[in-house]
Each structure stands twice: as C-alpha cells, then as structure tokens.
Amino acid sequence: MAKVTLSTLLEMKKSGEKFTCLTAYDSTHAHLVSSQGVDVILVGDSLGNVCQGQTSTVPVTVDDMCYHTRNVSMKAGDAMVMSDLPFASYTNEQQALTNSTRLMQAGAEMVKLEGEAWLVPIVSRLREQGIPSCVHLGLTPQSVHVLGGYKVQGRDQARANAMIEASIALEKAGAAILLLECVPSALAREITRAVQIPVIGIGAGADTDGQVLVIYDMLDMTPGRKPKFVKNFMTAAGAMAAGQGSVQQGVAAYVKEVKDGTFPGPEHGFE
C-alpha cells in the first residue's frame, strides 16, 4: 500500500472507493491498524474516555494529544495520521494555529476540529499556514454539555439546513475533510454529495466516503452498552474462524466490510 495522502482520499471519493479510519492512541495499535490496510488513523480525544477513564473528552489537554500523536506517528506506516484539537484549544485563529503547529510537529498530518460555520476563519488561517483540517459536525462530543447529552443531530429541517450550509462554507474556506457523527443517513448523503472533499461518517449511514470507529469499541474492549453505530468485529464473519479470532482479523474484517459496503448496515444508522 502506498502512503495515504489527502490526494489519495480525493481520488477515492472521485472513484467511489470507500476508505477506512480507526482510532489509535499508541504505537502498537498504530502498527496493528496500518498493517491491516486502514487508510487513516485518528488520534482521537476519545482517549479521554478509553485510555484515561474520563466520562467525556473535555478533560483532554493539548499535551495529552501531542504525547499520543507522537507515539502513533512512530508506527503509522502508510496510513495518514489525523489528530484532534482538544476542548477549548482553538477558540481563536492564533490559538488554533499555535496548538495545531504543536500537533503537526508531534507527527500529525492533519488536525480535526469540532464545530460548524464559526470555524470558517480558523480553517482558512490553518490552510494558509499549510495545516490541513478535518471539521467534525453533528454530534460533537466536546459540546456534549451544551447539546444535553449524546443525541442525534440534524433531524429537524432548520438544523439540517444549517449543517449543509456550514459544510459548503467550510469547504470553501479550505477544510480538507468533513466528519459527520450521529446525523440522519439521508442528511449525511446530501452533505456528501454537496461537497467535493471527502466525508467520513460515524453513525451517519453508508453513503459517506469513509467510515470511522473507535478501535476499542469495534474490538468489543469497552465495557457497557455500545452506541448503535458500533459493530463488534471480533465476532464478525471470518474474524472468529474456528474460535481462533484475533484483533488483526477483527480489523481486517472492518476494512473489508467498509470497502465492500457491508458496513455500516441500516441498523447502524439513524433516520
């Protein structure tokens, strides 16, 4: 597999080939997912939940993100490395630039921010300085306290229209990728078709250009009830052959099912 770049993902969108993204927070998991053909590794601030034991992503710091990004980048192989800017670390253009620079110097090849149209000047400034960005819309975990919990976003027409307009504006400002979380599948399809840049989905149906999951969720390592959009790939067909399944087979099953359109199914999305 050749090194995955933004150009790679743009060509995949044009050709209709789905791409895969999984989180990783250390060099071991980075090697695992890249060796199984995952295209993009997300160093997510979800590390607050799955690594630190926090109840949300809010406590995660820029120092935390730099540490984990550095570790992931050591063994990312040909996968692209994308890292989250954590809570309140991009409230203005200069702060966003300063903290994005730290992440890029730690090994990120793209940064991810949560928000909508208010991010336009920040995204533009980052692009001017050579920093590609992915904008995360829909359910934005850093804003969980404002949203009143982890709820599907964009079901009413006004919110849906605002997300479509924001997506188009962010693309014009220079966003390299969009990520849609927990939005109705029909809305995700409309946004994916409205922009020329790649769109990643999580709980956003099958019509986005790529899919992302938290690796601990899809390998059934996180305790408690899983979100609707999660599939346990450790028990997926082929991953537990003769009772000898491995995490490598689980990741390979995820890649295969995203590529062939088996995942996500209708049961993993929202109306």
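**Figure 1. The accessible surface and overall build of the protein.** In this predicted model, the accessible surface of the protein comes to about 11,300 Å². Carbon and sulfur atoms account for 52% of that surface. Counting its secondary structure gives 11 helices and 8 strands. Along the principal axes, the C-alpha trace spans about 55 × 40 × 40 Å. How does the radius of gyration compare with that of a compact globule? For 271 residues, a compact globule would have a value near 18 Å, and the protein has 17 Å, which agrees.

**Figure 2. Burial, contacts and charge across the chain.** Of the 271 residues, 54% count as buried. Now look at contacts between residues at least 6 apart in sequence: 63% of them join residues at least 24 apart. As for charge, you can find 22 positive and 27 negative side chains. The centres of these two sets lie 1 Å apart.

**Figure 3. The largest nonpolar core.** In soluble globular proteins, nonpolar side chains tend to be buried together. Here, the largest nonpolar core has 87 residues. Which residues have the most contacts inside this core? They are L178, L213, I215, V251 and Y254. Helix 8, made of residues 157–173, gives the most to the core, with 6 residues.

**Figure 4. I215 and L32, two partners in contact.** Start at I215, one of the residues with the most contacts inside the largest core. Leaving aside neighbours within four places in sequence, I215 touches L22, T23, Y25, H29, L32, V33 and V251. Next, move to L32, which lies in helix 2 (residues 27–35). L32 counts as buried because its relative accessibility is 9%, below the 20% cut-off. With neighbours within four places again set aside, the contacts of L32 are I215, V247, Q248 and V251.

**Figure 5. N99 in helix 5.** Find N99 in helix 5, which covers residues 93–106. Is N99 buried or exposed? It counts as buried, at 11% relative accessibility. Beyond its neighbours within four places in sequence, N99 is in contact with V62, L85 and S89.

Figure 6. Most residues other than glycine have a negative phi. A88 is not a glycine, yet its phi is positive, at about 60°. You will find A88 in the loop between strand 3 (80–84) and helix 5 (93–106). With 43% relative accessibility, A88 counts as partly exposed. C182 is not a glycine either, and its phi is also positive, at about 50°. This cysteine sits in the loop between strand 6 (177–181) and helix 9 (185–194). C182 is buried, with a relative accessible area of 7%.

**Figure 7. A cis peptide bond at P264.** Most peptide bonds are trans. Which form does the bond from F263 to P264 take? This bond is cis, and its omega is near 0°. To locate P264, follow the chain to the segment after helix 11 (247–259).

Key:
Residues numbered from 1 in each chain as written. Predicted model: local features only at pLDDT ≥ 70, side-chain atom pairs only at ≥ 80, totals over all residues. Heavy atoms only, no water. Helix = DSSP H or I, 4+ residues; strand = E, 2+ residues; numbered from the N terminus. Buried < 20%, exposed > 50% of the residue type's maximum accessible area, 1.4 Å probe, protein only. Core = buried A, V, L, I, M, F, W, Y, C linked by side-chain atoms within 4.5 Å. Contact = heavy atoms within 4.5 Å. Rg over C-alpha atoms; globule rule 2.2 N^0.38 Å. Areas by Shrake-Rupley, 256 points an atom, 1.4 Å probe, with all protein chains shown as cover. Lys, Arg positive; Asp, Glu negative; His and termini not counted. Charge placed at Lys NZ, Arg CZ, Asp CG, Glu CD.
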